[in-house]
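The sequence and structure come first.

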2 protein chains.
Amino acid sequence: MAAIADIMPESSRIALVDMLRAILPAHAVLTDAEAMKPYECDGLSAYRQLPMLVVLPQSVEDVQRILKVAHETGTKVVARGSGTGLSGGATPLGDGILLSLAKFNRIVSVDPLARTARVQPGVRNLKISEDVAHLGLYYAPDPSSQIACSIGGNVAENAGGVHCLKYGLTVHNVQKIEVVTIDGTRATIGSDALDTPGYDLLALMTGSEGMLGVTTEVTVKLVPKPQLARVVMASFDDIEKAGDAVANIIGAGIVPAGLEMMDKLANAAVEDFVHAGYDLNAEAILLCESDGTPEDVEEEIARMEAVLKASGATACRVSSNEAERLKFWSGRKAAFPAVGRISPDYYCIDGSIPRRALSPVLKRTAALSLHYKLRCANVFHAGDGNLHPLILFDANIPGELERTEQFAADILELCINYGGTITGEHGVGIEKINQMCSQFTDNEREMFFAVKRAFDPSMLLNPGKAIPTLNRCAEYGRMRVHGGQLAHADIPRF
Amino acid sequence: MAAIADIMPESSRIALVDMLRAILPAHAVLTDAEAMKPYECDGLSAYRQLPMLVVLPQSVEDVQRILKVAHETGTKVVARGSGTGLSGGATPLGDGILLSLAKFNRIVSVDPLARTARVQPGVRNLKISEDVAHLGLYYAPDPSSQIACSIGGNVAENAGGVHCLKYGLTVHNVQKIEVVTIDGTRATIGSDALDTPGYDLLALMTGSEGMLGVTTEVTVKLVPKPQLARVVMASFDDIEKAGDAVANIIGAGIVPAGLEMMDKLANAAVEDFVHAGYDLNAEAILLCESDGTPEDVEEEIARMEAVLKASGATACRVSSNEAERLKFWSGRKAAFPAVGRISPDYYCIDGSIPRRALSPVLKRTAALSLHYKLRCANVFHAGDGNLHPLILFDANIPGELERTEQFAADILELCINYGGTITGEHGVGIEKINQMCSQFTDNEREMFFAVKRAFDPSMLLNPGKAIPTLNRCAEYGRMRVHGGQLAHADIPRF
């Protein structure tokens, strides 16, 4: 506990624990290092930090009381869902409270006519779809972590997934939320109707990485399960041709239910793992899905095949039944663990570019891979222009993690240079806070700070995430100019 | 000019005019009452006020310079597009600058691959679709005023339209904007990629009624023109059955391209005007459109017909060709002018409710119509639950406008009571500022003020619109309790 004592005097910490124990049951306040261990990182596990303490509220009133104590004592708070986020949005602070919403795990109600479900923030993404399946409905955004990730975390990071090309990101699939702000105020944001008057605080809160308030309930939109879905798996002998095919599909006015790309390295890793019949000779494959009525799907699949072949596909296979469709997808779904089998460590980047930039950015990424002498597998939401380069490295080889981080930073800068952004769906967190300096001007970042101050003037909610200070950006600028090493948030690396 | 002199000393006004004339060409600063007459109101024409002066900037630099002058002199600014808004969002202030964006009327560029168009804010909504028609694309949101309304105004009010059920509101169809804030700062909000890091300022700006910044460029998303569209016109002998049919259509998992309702009074007015063959015996008709591939449309139209008949439709006609489809729609499109022919004046309300509340709210509205002895025609976006009751009145009969406003206020309160909101697509402006007191708690309205202060701390951009002060709400509460008359913004009525 030495590290914590360094940050906050032990007497203050004890006083705070006493205040929290006075308003919460004993088992809802964790202070023991061993008990807090599971909370020391989220999916960005290269960065670990024990929080000062962990609280496990069970009701909105609990959350209000905790935030009031934090507000009064000037204590920082980091909210956490399932901890599957990849950008360190839930990385704890050594002098902060870690507020877990794990006990908010109830589906409150489902309204089939309005096609909505009111759920608590700790409910798992996939659980919603499972619970409404008997109504022929589902919740569309499907991050890879959907079996584990929480809907509150999805709201905090504006999570995406394979089907976001057609069905939108989290922000497009949430109707209403309940939040508690740092002073303990409870507010409803959004409504049960089409539009809500006043500023669009619902969109503002979505993706705000827990920096404006703590979400205590989410009303999600549900969509009807399509009658049928089929997928085309197309092979290309050149990754740039595959990139152009993506642009051509969209340019032809088709909106696929999913449009994913995997390169040769990813295919090899995956095929060895799931044996789904992937084309190992292809430089890249595309998975292009159509869903809807059988008539619609048949017509759309034919158009997709025509565009893919005209774009230079060397082979096209169309799933002939649901089992085959799931088999085609199994490789894509297992891509991350499959890559994990061929490398001691891998680092997943999340950048977003206009579709027309796919080919040049993939080409430049390949060149960077040679430059840094690090393998890079590409598995990504091509239709959205949402890249996920997986850099393969070995953290035990001195300097490899640092080289990996430089490679990653270069890819993100590349995305910005091609008119894109440094995140498609994973958020900024601590992972990409430096690149926010390149993405935005000082004026634009000042707008973010102004919004932050509007909701949390004492900067207690998840400070140090997502929005870099002017100083940090000045330092990052100097480092980029001098080709120096990138500094992450000031959190010990494990 | 006496009224203006009352508000601001003539010497200050002359000094301000001199400052603006020093930075703009002479013809770009209007101060003459006659020249300013066209700017005295927007579509909420019951409220008129000459501005202190009108400026007509031609470049972003002009806008920056004007706002800097306003900021330095503490002068209020109201931005204006085409002035077609229905809630008074562009109603001028007697002591404020009216900033017209009429000269920002250029389509900057079109990117067919990215399916986007960069346009200046004064470009008319329909002009975008006309200009990209040869690419097989169009801009989806289609407010009734689309021939005249500007895209900048659409962004300010988050405009909707007939096709928003399937294609979304303005906020869902805008990719990026450029804004100038009150201190003259120019900022880009949004990006050319799928997602943008940081808080979602793009959604925050959309629908903010010119209170956070002045939009100087808009990048809109374009969608492929569907191959085919057909519409079912269904008759009902009972308006509540029609309301339930709407819920049943959506409940069956169908997402129509448009789903509109018109009642008997509206049908009669329209049929007499456009002779489109509307069923004059029906208590209500529904227009339910399907678009997509021919196969998809055929299948969806069959499903729509089946649900409509099962919901009690007494007749269903399906358009057999494009000419007939446009004829079926001609009545809906002409509904407002048609109602204008049967009444000296009419007042269009814009409220939004969950679809399940359609029947009870329509029933209560009919009862209110009897109570207030004012006819009310219903023409609205039923699929969205977005009501547009048209109250028929004669402003020359003493007391009728006041009764109309009370009727309107009651309808909006009804929407709130049924879980809905006081606007679907027209915005709040000055028209519905009192009802914001019922819609939101003090805490929730304080969040809006906090955001306003973050962008415009001296409250110079369109003050007095959209967000009521605590005092105003206290007064409104007292009036509602005592059944008193409703006060609008403190603007002289014409």
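Glu217(A) counts as buried, at 16% relative accessibility. Buried means under 20% relative accessible area, exposed over 50%, and partly exposed in between (1.4 Å probe, protein chains only). This is a predicted model: local features need pLDDT of at least 70, side-chain atom pairs count only at pLDDT 80 or more, and totals for chains, interfaces and linings use all residues. Residues are numbered from 1 along each chain as its sequence is written, chains are lettered from A and ligands numbered from 1 in the order in which they are written, and side-chain values use heavy atoms, with hydrogens and water left out.

**Salt bridges**

Side chains of opposite charge can pair when their charged atoms come close. A salt bridge here is a side-chain nitrogen of Lys or Arg within 4 Å of a carboxyl oxygen of Asp or Glu. Over all chains, the whole structure holds 52 salt bridges.

| Pair | Closest N to O |
|---|---|
| Arg356(B) and Asp111(A) | 2.7 Å |
| Glu322(A) and Arg325(A) | 2.8 Å |

Helices (H or I, at least four residues) and strands (E, at least two) are DSSP runs, numbered from the N terminus. Arg118(A) is partly exposed, at 34% relative accessibility.

Arg356(B) bridges to Asp111(A). That pair crosses between chains, from the loop between strand E17 (351–352) and helix H14 (358–372) of chain B to strand E5 (residues 107–111) of chain A. Arg356(B) is partly exposed, with a relative accessible area of 44%.

Glu322(A) and Arg325(A) sit three residues apart in helix H12 (residues 322–333) of chain A, so about one helical turn separates them. Glu322(A) is partly exposed at 39%. Arg325(A) is buried at 13%.

A network of salt bridges links Lys37(A), Glu40(A) and Arg48(A).

**Helix packing in chain B**

Helix H9 (residues 239–251) of chain B packs with H14(B) at an angle of about 150°, their axes 8 Å apart. H9(B) is therefore roughly antiparallel to H14(B) (angles over 145 degrees count as roughly antiparallel, under 35 as roughly parallel, 65 to 115 as roughly perpendicular and the rest as oblique). Axes are lines fitted to C-alpha atoms, for helices over the stretch in contact, and angles run from 0 to 180 degrees between N-to-C directions.
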